[in-house]
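Morning, everyone. Today I want to talk about salt bridges. Please look at the structure first.

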Amino acid sequence: MSAKPRMARKMIAEGAASVVLREMKIEGLRVDPIEIATRKGIAVEAKPSTVQGVSGMLVKAGDNFGILYATHVSSKGFQKFCVAHELGHYCIEGHANALLAHGPHYSHAHFTSNDPFEMEADHFAAALLMPEVPFRKEANRNDPGLTAIETLARDCETSLTATAIRYAGLTRDAVAVILSTGPSIDWCFMSEGLKQAKKLEWIRKGTPVPSGTATESFNAQAENVRLGKKDSSDGRLNDWMGGERVYRITEEVVGLGQYGRTLTVLTCETLIAQANGDESDEDGEAELVESWTPKFRR
Ligand SMILES: [Zn+2]
């Protein structure tokens, strides 16, 4: 493949990860990407990053491949993701040819790049390190929210942010996971359950953190973020992403320490009820009645 794909092919990237897991007969939640690379004959080496923002490299010398991963972020979860991202370039059809034609490939992993190759390698890494079947099972065994994400991050040994994104993609519950820096939102991922809410507006990069939310007051004190503090509060989904009627949510907030960012998890229990087939809601109810919530809790 010589031309870049116009859009990241998430399914293809995730499929490539499934093939590797099957090949290697890996069935649990804890996956070691260095072991996988080694079994594939790829040399893996840790290296302090010399180029700002570069998370790792894939290099090819003759027929031999090597992976270098950055250690400027000390988190094991981050480092594993970087190795898995490079493995993605090795395993996803077309990547090696396209990326290594003119020397090594420098990566920007961890959902920070809009480049389709980088996004595909990130999807591969997420699917490899958080295998769908056991991850989904574990996600649905826990009450929705931050604790479920923390449990999965510990089980998979993955970063809280990567785990949160995967969680939003696989849980049947109605959640949104949002990353913010100070007053500004970096990204937001919504679960299928949450998308049951009508007329939601997608949150775009750079959107301000809505005023009056727990996240806004949390981020106002940089110390909360740096010290990894937590907060939670009841709120309205509407404050974040509009919607046709009032959706009550729980808002959980955690500071991500040296990363300088904040993870917010919005959980909407009423939409969980809807997604599970409770049809007590009626289309066409014009009023945004605050008191409608209890009718799902009968
Ligand atoms: Zn890359």
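Which side chain does E157 meet in a salt bridge at 3.3 Å, N to O? The partner is K80. By salt bridge I mean a side-chain nitrogen of Lys or Arg within 4 Å of a carboxyl oxygen of Asp or Glu. E157 sits in the loop between α7 and α8, and K80 in helix α3, so this pair ties together parts 77 residues apart in sequence.

Some ground rules. This is a predicted model: local features need pLDDT of at least 70, side-chain atom pairs count only at pLDDT 80 or more, and totals for chains, interfaces and linings use all residues. Residues are numbered from 1 along each chain as its sequence is written, and side-chain values use heavy atoms, leaving out hydrogens and water. Helices (H or I, at least four residues) and strands (E, at least two) are DSSP runs, numbered from the N terminus.

Now burial. Buried is under 20% relative accessible area, exposed is over 50%, and partly exposed is in between (1.4 Å probe, protein chains only). K80 is buried, at 6%. E157 is partly exposed, at 23%.

E157 also forms a salt bridge with K76, at 3.7 Å, N to O. That pair spans 81 residues in sequence. K76 is partly exposed, at 49%.

Next pair. E244 bridges to K199, with the closest N and O atoms 3.3 Å apart. E244 is in the loop between α11 and β8, K199 in the loop between β6 and α9, 45 residues apart. E244 is partly exposed at 33%; K199 is exposed at 63%.

Back to the network. Shared partners join R30, K76, K80 and E157 through salt bridges. The structure holds 16 salt bridges.
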